Amino acid sequence: MPVNSEGVPAPSGIATKLPVLSRSAVGAALLISLQLCSRILTFIVNQVFIRFLSPELLGISTQLELYSITVLFFARESLRVAIQRQADTIDAVSKETEKVPKGHVDERTAAGRSQAIVNLAYISISLGVAFAFGFAWLYLHTTPSQDPTVLGSPYFRESLSIYGLAAIWELLAEPCYVIAQQKARFEVRAVAESTATALRCLMTCGSALWASQVGMDIGVLPFALGQGIYALSLSIVYYWKVWGISSANGFSLMAAPICSNSTWYIFSYFSWPLLSLSGTFFVQSIMKHFLTQGDTLIITSLASLQAQGTYALVSNYGGLIARLLLQPVEEVSRNHFGKALSVVNGTPSKQVVLNTRDQLLRLLRAYVLLSVCIVAVGPTVAPLLVKATAGSKWTSSGAGSVLATYCYYIPLLAINGLTEAFVSSVATESELNRQTIWMIGFSVAFASAAFTSLQVLDLGAEGLVWANGLNMLLRITWCAAFIQAYLKRYGAGLETRLLTPRPMTMAAGVSTFNGGIVDFLKTGAVAVVFVIAL
């Protein structure tokens, strides 16, 4: 095994052969490839179900998926964002001259920094257990008052239990996930998630086909069984791939005490700076989750199961680009920005900030050009896509027109994800607190716009898409102002004029934006009143 100048074993593989930016590019390519393959496979499987599923059953499965997403998000998201600010650097002290108690890891070594984030990952597991039981109890006690037919669905309670256990089991892989992210071992994540996705599809299809052959009505149980095998296989593959990394680098995947001369570690296990930062992100994540999943929460509360199923179909189709391309780029960008501009370990140099600014502008420029293509082509193709893939019964439900409207929302979703990734990487705790306050105001604006769309203007699912668009536009505006102020500290600016496409390109996109803007303005006007009042 190769060693560095201090005689410490150097990690091998892709992560050490490429500079940080190149590793981020490789990671983005791997994650995009993973998302492409897994989503195509999932898309094919879903088409089998959609032609046989009723909108009501798809609506119930959407509620169960929301339960799982909520548990995982609250348990790990804030810790993940904070942990990405823990740099993976070489040892600060020679092992020969330091005396470390048996069973402890020195905080000044690379192993110590890795052990610190592994220990924090176990907080996610503990939170996940509490949230899984808490949200399940809340779901069971609030659902009957909204729609009693949900609890009467075949194997509903069994499906809910499986989803809860699957969420806990998936969180057991969190120590491995944070190590793979810290060391930029994106190939580990690619193998784990692709294997788990393939097995989920096989389990979902297999159980559904078996039930159809024997004439059993098992409701949404196939989705639950698929989620269960996904979580189980994901954890197994993660530990199989990451166990060797931990052994070679001198830290454990189990929680272990850290030897430190400072008081920064609680009970010698948990880094106080990272834990404090995680607390700030957790408060913010509550608002972020409502803004991200608010459409599902609102339509679950205000719409029928049939409308919920229609909106779920549109979200799956319309969000395909976001999951295939935008989400991997956002995750890798946040990881890269966090390491390059970390404020936990000091202030970055002006040159590093300028280089990162240029990288952000290039990504935003690519997003703008992609957005023009989506706006120009998407609304025309969307109704045809729904008819060809889901069948005529879904076309008659209005899913085609809702998906066409969703095409205008995707560009805002893309730009918001990238700008928020930058903000979360550089903002201090006080700045994050201010952002949280603003997000509360955005939540009120979104809720008022959504309520107005559904209850007053009767725009249905299309109005909910426009309300989401308004929400994203407000968040983008805040993030752009923050980034501009941050760059001014280093004598630079965002230079958004570089993002503007050529006039002919803009004309091609604007020419397709017709009657939908009227609905957008009617929905947005009500929300703007709430924003001004705040």
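This is a predicted model: local features need pLDDT of at least 70, side-chain atom pairs count only at pLDDT 80 or more; totals for chains, interfaces and linings use all residues.
1. Cys205 illustrates the point: the nearest cysteine sulfur belongs to Cys201 and lies 6.6 Å away. A disulfide requires two cysteine sulfur atoms within 2.5 Å, so Cys205 is in no disulfide.

2. Cys407 has a relative accessible area of 8%. Because buried means under 20%, Cys407 counts as buried.

3. Helix H7. This helix covers residues 186–214, which is 29 residues. Directly after H7 comes Gly215, with a positive phi near 75°.

4. Met216 is located in the loop that lies between H7 and helix H8 (221–249). Its relative accessibility is 36%; since this falls between the limits of 20% for buried and 50% for exposed, Met216 is classed as partly exposed. Met216 also contributes to a nonpolar surface patch of about 380 Å², together with Tyr155, Trp210 and Val214.

5. The largest nonpolar core. In soluble globular proteins, nonpolar side chains tend to be buried together. Here the largest nonpolar core has 63 residues, and the members that touch the most others are Leu360, Phe422, Phe482, Ile483 and Tyr486. Elements giving two or more residues to this core include helix H3 (55–83), helix H12 (350–389) and helix H16 (460–488). Helix H14 supplies the largest share, 14 residues.

Definitions and conventions. Residues are numbered from 1 along each chain as its sequence is written. Side-chain values use heavy atoms; hydrogens and water are left out. Buried means under 20% relative accessible area, exposed over 50%, partly exposed in between (1.4 Å probe, protein chains only). Helices (H or I, at least four residues) and strands (E, at least two) are DSSP runs, numbered from the N terminus. The expected span of a helix is 1.5 Å times one less than its number of residues. Patches are made of residues with over 30% relative accessible area and no salt bridge: like charges are joined within 9 Å, nonpolar side chains (Val, Leu, Ile, Met, Phe, Trp, Tyr) within 5 Å. Accessible areas come from the Shrake-Rupley method with a 1.4 Å probe; for residues, only the protein chains shown count as cover. A salt bridge is a side-chain nitrogen of Lys or Arg within 4 Å of a carboxyl oxygen of Asp or Glu. A nonpolar core is a set of buried Ala, Val, Leu, Ile, Met, Phe, Trp, Tyr and Cys residues joined through side-chain atoms within 4.5 Å.
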